[in-house]
Amino acid sequence: MASVASSPATSALFTRDSLRQTAPNRALITGKVCGVAVETIEDPLMRELRYLDKLVDELAKGRPLEKICRA
């Protein structure tokens with residue numbers, strides 16, 4: 001985290017790249033976050049953030065990452 005704080009990377013890039021590494025099958029994530037279906041979000045950055053929201057929500061419920069991302 002310290003290396004990210006000292007780099008010129010934006011939080012959006014950090015989030016997108018982190019999610020790509022953590023969940024390469026994230027496009028298979030479906031469901032609703034804040035009442036919006038994740039798979040219908042058109043803006044790529046907003047979709048990535050909602051994938052992250054969905055991951056956090058499902059992990060908090062105790063579901064394994066493999067099930068959430070259908071790995």
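I looked up Arg50 first. Arg50 is partly exposed, at 23% relative accessible area. I was reading a predicted model, so I quote computed values throughout. The Arg50 side chain meets that of Asp53 in a salt bridge, 2.7 Å from N to O. Both residues lie in helix α3, 3 residues apart, about one turn of the helix. I checked Asp53 too: it counts as partly exposed, at 28% relative accessibility.

Next I followed Glu58. Its side chain meets Lys54 in a salt bridge of 3.4 Å, N to O. Glu58 and Lys54 are 4 residues apart in helix α3, so about one helical turn separates them. Glu58 has a relative accessible area of 7%, which means buried. Lys54 is buried as well, at 12%. I found that Arg63 also forms a salt bridge with Glu58, with the closest N and O atoms 3.2 Å apart. Arg63 counts as partly exposed, at 34% relative accessibility. Shared partners join Lys54, Glu58, Lys61 and Arg63 into one salt-bridge network. I noted a count of 4 salt bridges.

Leu45, Met46 and Leu49 make a nonpolar patch of about 200 Å². Met46 sits in helix α3, residues 44-60. Met46 is partly exposed, at 33% relative accessible area.

I read 4 helices and 2 strands, in the order α-α-β-β-α-α. Of its 71 residues, 23% count as buried. The chain exposes about 4,900 Å², with 58% of that from carbon and sulfur atoms. Among contacts between residues at least 6 apart in sequence, 45% join residues at least 24 apart.

How values were computed:
Residues numbered from 1 in each chain as written. Predicted model: local features only at pLDDT ≥ 70, side-chain atom pairs only at ≥ 80, totals over all residues. Heavy atoms only, no water. Patch = residues over 30% accessible without salt bridge, like charges linked within 9 Å, V, L, I, M, F, W, Y side chains within 5 Å. Areas by Shrake-Rupley, 256 points an atom, 1.4 Å probe, with all protein chains shown as cover. Buried < 20%, exposed > 50% of the residue type's maximum accessible area, 1.4 Å probe, protein only. Contact = heavy atoms within 4.5 Å.
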